[in-house]
Number of protein chains: 2
Amino acid sequence: MYRTHTCGVLRIQDVQTEVTLAGWVQTIRKFGAITFVDLRDRYGITQLLFGEELNHRLEQQPLGREFVVQIRGTVLERSNKNPNIPTGEIEIQVLNYTVLNSSAVPPFTIQDDTDGGDDLRMKYRYLDLRRNMVKHNLELRYAVNRSARNYLHENGFMDIETPFLIKSTPEGARDFVVPSRMNAGQFYALPQSPQTFKQLLMVSGYDRYYQIVKCFRDEDLRADRQPEFTQIDCEMSFVEQEDILRMFEGLIRRIFKDVKAIDYTDPVEKISWENAMWRYGNDKPDIRFGMPVVNYKFPPHVFPAKQGALSHGLPGGFKVFEEAETVVAISVPRCSDYSRKQTDELTEWVKRPQIGMSGLAFIKCNPDGTFKSSFDKFYSETQLKDLATAAEAKAGDLILILAGREERTRKAISELRLEMGKRLGLRKEYEFKLLWVVDFPLFEYDPGENRWIARHHPFTSPKPSDISIMINNSPVIDHPEKYLEHPYANIKANAYDMVLNGNEIGGGSIRIFQRGLQEKMFAALGMSREEALHKFGFLLGAFEYGAPPHGGIAFGFDRLCAILGGSESIRDFIAFPKNNSGRDVMLDAPATIDDQQLEELHIRINLPG
Amino acid sequence: MYRTHTCGVLRIQDVQTEVTLAGWVQTIRKFGAITFVDLRDRYGITQLLFGEELNHRLEQQPLGREFVVQIRGTVLERSNKNPNIPTGEIEIQVLNYTVLNSSAVPPFTIQDDTDGGDDLRMKYRYLDLRRNMVKHNLELRYAVNRSARNYLHENGFMDIETPFLIKSTPEGARDFVVPSRMNAGQFYALPQSPQTFKQLLMVSGYDRYYQIVKCFRDEDLRADRQPEFTQIDCEMSFVEQEDILRMFEGLIRRIFKDVKAIDYTDPVEKISWENAMWRYGNDKPDIRFGMPVVNYKFPPHVFPAKQGALSHGLPGGFKVFEEAETVVAISVPRCSDYSRKQTDELTEWVKRPQIGMSGLAFIKCNPDGTFKSSFDKFYSETQLKDLATAAEAKAGDLILILAGREERTRKAISELRLEMGKRLGLRKEYEFKLLWVVDFPLFEYDPGENRWIARHHPFTSPKPSDISIMINNSPVIDHPEKYLEHPYANIKANAYDMVLNGNEIGGGSIRIFQRGLQEKMFAALGMSREEALHKFGFLLGAFEYGAPPHGGIAFGFDRLCAILGGSESIRDFIAFPKNNSGRDVMLDAPATIDDQQLEELHIRINLPG
């Protein structure tokens, strides 16, 4: 051992002990004949005092930032105590020191407020990893890992490793593939998830499985995606949806407790996918704050209680509203005093290409009970009042209204709601709100191919009451323009997403476990019998030998850690992340390989002309 | 929930409780008007009793082997108790049952002594996994996983995930590669181990790292190798060899304790690589039994104490011995009464191609003090006695002697020793003996390329005392025939292997942490400066910014589990293993992929002509 203690443990009661420490030079401060050095390691920082004698030697054999040194010395009480660090009451009178390794001057400062840009820090990731902020992120990640494993272990789950070299069965996303040298012309695929394997384990009777496991997707990388990512992957047998929800609420509660010391005792709300879409405009609502979306042209079966104020529908006269497919609003609390400049700025905000609206209407619900809107010439005060009542606005609120095509407008009001929540400080980094979104549609319609695609994945079971609809109807869509009237359009899935602060952190489903229903599902997705057998024959086979009812869930581990760490970026929580082109700039990978390697793998490069 | 209890928990004190169970039908036994069914799940087996009424229903809706059923019933005390299973005192009087899923007749019996052959069981791995034996193996594997994680956590190690899509830097073994779609003509590689990443983490100050992680090697598969395998991978900073040995002896002791309830309190012996080769003929000796190898033509510096008996060297007169480069022997206890048939059979055994010797000589040390050998006409009784003394043989022992070329003969005597240990029952499956093998040579000589190759890997440090030999000498070998006299031939590595019952279960080293020495190492291995920078520039760069002294170890997790489970085969301890051609016969992977996939990846198939 190069040390008797770490740089984080010495305290006032250790005074007079002779110790050996080893670590990195954080700072050097020379005061005349003496020099103070802050020595850093994973565990903390300890102040070293080099007296007159050693100071002489320091001139011959100088230290520098990030040098690795070993020192022997005596623990002293500091005259000038530092209450901000745990070792702040002591310092080490250095008796001897050895430079274990020197360091060039780092290309950026190893500090929280580093001067290094993103690219530089990624290239020198091994130095970036020294920064406290990054270290805390990886420590948090490990704490989440540990907490999840403990909870799952205590609940009878077994970690069972599934293979990485599997078969390519691309469905939604593209597979990464691996050419096989021993099987010329053939390829393995890297798993997008261990989905089929965990289901096989249930067929094998393993009952409760988990894995914290790398998964791979060869997708064009959006801002915060990685080609390799980590899942907490779980599956259980003999369960129904409620059992899964209860078990995995428990998991997240435990992680809150272990990692953030938060007792999350609130019941976790459940919302149907349809309600989420109506009330928040998206399927992963942030419920840390209210501001629900009101649809002024709502179909009668939604929000019946609120119909009163607008029982005769949205008043006519304002062409923009009249002609719009959808008119939606949110009521922003205590913002009726927004200036013209402020409402103009909001209008510009919704007109940005990312949002894509053509304008913004608003109603100021003045504190004195009067109303002032951006469309006063079309609506009477009474009519404005009705709109305010329907939006449950209070005196002092500002109602923001968007009108346009259904899908874009819904998305826009959702973004606007989040933006206003942020501006009003309602999305607090250290407040956490869980939500289950349930009752997803089983299928989505693909207009390009005029067929159904699986909203979750092809192994998700319909709601038990909808199984007969699926079995007894043909998936063929004879009238594309009326696809919404096809019986399949209304089949609900036995699927659930867990949402935390507006992010989907996990999702899963009760699975199909009957061969016949699984075959029907593959057929519904336009897969021929041959294709289904070629790709998933092993699973269909397994369902013939006593497959139990089962279901599961997978959590996006990187994302979960980022949210718990109060960050937007998963990259900060991955030790060696890749950039948006899927490159590791530190390694300079991917890279070309030798001709001999290509030859052995029976492949040739085929560069785009 | 489909059940109130599992099939393993009900006991006599639960009598009269109404319960709901779910599981698989293991056996059905009809006795007149009643039927007994054994219901199985992961947790155990519970006997069900179908009375007269239900028996009628069973005729309409019959059960079969491996059907999945849910039953409601009342716990009764059994009249005919089964003391062999924990639930053997009770049975369930079935009130109602539901078939959750039926099962075709399995292609082999789900029993310990199954009638299914290897290939069939691999194809239907999901059924094979139902067998108790396989289940116990995977449970043991999880227990080892859990135990290792707990120990490492308690000792301050952090699980930090390293990337799977890295850069190809093939050294010893071939890399699996992954074509990059987004970077045309370039490839990722799958890691053969996280070696360089864990070293970077030490440079980053993480101090104690671990991971239980998949690694990949594209090798021609020998009997018990897998293209993907799992390592317990660890690294520590500011340590010397002794610190690592102590820490990881502790890990294995903890695993023995947690998994096998064995208190392994013996100190773990250490043997130098050179002594292991002399005394056991190989570098991973099984020390559960003695029978050390004696070398009758030993160089004078080895075993000086035993020189007495043969102080004038091996007696002349027997051409086979005279002309052999090496003459080695083991003394097999209490086997002097071997018949001619038995010694002939042993002679055949060593002449098999796998062993490849041309014959076997022996000396019977008779209980009456006389000697009888297979070469009596050349050696006097006194001379035989000298040989016996040198081999430390006792009256009643049988000395087996092999003569031939050094390397083959050494390997043969090692195999013969293990075979005799096995035949005499000295290699007990449930006895465990750990051993550290240390002081490996740093380099091996490659006669093909007339250069040095790294025995462990290029990151292993020489012994501190040998660093100057490496720095101050050129690696170039001017006289290939005298390579043993090159200063590099005697450089010892700061490396260590942990051996359990004759199997290497782990290996590691203290690493090079100085850029200059690492560059010298790459040069010694025949790598040009450019090549070293291209492949390992990131590591050399990292060593410039304050790299601490560090070292580590990696355990072969699959192998460790197999040995703890008393098995020779790692495949039995992997949920979804591949066969010797690297195929998953259940998935039928690897497989061909679509032309469109190939196109997108910028590659073409190039089948061997």
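1. A:Pro590 is placed in the loop that runs between helix H15 (557-564) and helix H16 (595-600) of chain A, where helices (H or I, at least four residues) and strands (E, at least two) are DSSP runs numbered from the N terminus. The peptide bond leading from A:Ala589 into A:Pro590 is cis, with omega near 0 degrees. In chain B, the bond from B:Ala589 to B:Pro590 is likewise cis, with omega near 0 degrees, and B:Pro590 sits in the loop between helix H15 (557-564) and helix H16 (595-600) of chain B.

2. On conventions, this is a predicted model, in which local features need pLDDT of at least 70 and side-chain atom pairs count only at pLDDT 80 or more, while totals for chains, interfaces and linings use all residues. Residues are numbered from 1 along each chain as its sequence is written, chains are lettered from A and ligands numbered from 1 in the order in which they are written, and side-chain values use heavy atoms, with hydrogens and water left out.

3. As to the overall build of chain A, there are 16 helices and 23 strands, and the C-alpha trace spans about 90 × 75 × 55 Å along its principal axes. Of the 609 residues of chain A, 58% count as buried, buried meaning under 20% relative accessible area, exposed over 50%, and partly exposed in between (1.4 Å probe, protein chains only).

4. Two helices can be checked against their expected span, which is 1.5 Å times one less than the number of residues. Helix H6 (residues 241-260) of chain A has 20 residues and reaches 28 Å from its first C-alpha to its last, close to the 28 Å expected; A:Ala261, which follows H6(A), has a positive phi, near 55 degrees. Helix H4 (residues 132-154) of chain B, with 23 residues, should span 33 Å, and its end C-alpha atoms are 32 Å apart, which agrees. Just after H4(B), a positive phi of about 85 degrees is found at B:Gly156.

5. Two further backbone angles deserve a look, both in loops. A:Glu66, a residue other than glycine, has a positive phi near 70 degrees; A:Glu66 lies between helix H1 (52-60) and strand S4 (68-77) of chain A and is buried at 2% relative accessibility. B:Met291, also a residue other than glycine, has a positive phi near 55 degrees, and its loop connects helix H7 (273-280) with strand S12 (294-295) of chain B. With a relative accessible area of 7%, B:Met291 is buried.

6. Over all chains the structure holds 95 salt bridges, each being a side-chain nitrogen of Lys or Arg within 4 Å of a carboxyl oxygen of Asp or Glu. Side chains of opposite charge can pair when their charged atoms come close. A:Asp128 and A:Arg131 form one such bridge, at 2.8 Å from N to O; A:Asp128 is buried, with a relative accessible area of 0%, and A:Arg131 is buried at 3%. Both belong to a network of salt bridges that links A:Asp118, A:Arg121, A:Arg125, A:Asp128 and A:Arg131.

7. Which parts of the chain does the salt bridge between A:Asp233 and A:Lys198 link? The closest N and O atoms of this pair are 2.8 Å apart, and the bridge links distant parts of the chain, with A:Asp233 in strand S10 of chain A and A:Lys198 in helix H5 (residues 195-203) of chain A, 35 residues apart. A:Asp233 is buried at 1% relative accessibility, and A:Lys198 is buried with a relative accessible area of 1%.

8. Within chain B, B:Glu531 and B:Lys535 form a salt bridge whose closest N and O atoms are 3.1 Å apart. Because they are 4 residues apart in helix H14 (residues 529-542) of chain B, B:Glu531 and B:Lys535 are separated by about one helical turn. An α-helix has 3.6 residues a turn, so residues three or four places apart point the same way. B:Glu531 is partly exposed at 31% relative accessible area, whereas B:Lys535 counts as buried at 13%.

9. Lastly, a patch of positive charge on the surface gathers A:Arg217, A:Arg222, A:Arg225, A:Lys284 and A:Lys411. Patches are made of residues with over 30% relative accessible area and no salt bridge, like charges being joined within 9 Å. A:Arg217 lies in the loop between strand S9 (208-216) and strand S10 (228-237) of chain A and is partly exposed, with a relative accessible area of 32%.

Methods
Patch = residues over 30% accessible without salt bridge, like charges linked within 9 Å, V, L, I, M, F, W, Y side chains within 5 Å. Areas by Shrake-Rupley, 256 points an atom, 1.4 Å probe, with all protein chains shown as cover. Lys, Arg positive; Asp, Glu negative; His and termini not counted. Charge placed at Lys NZ, Arg CZ, Asp CG, Glu CD.
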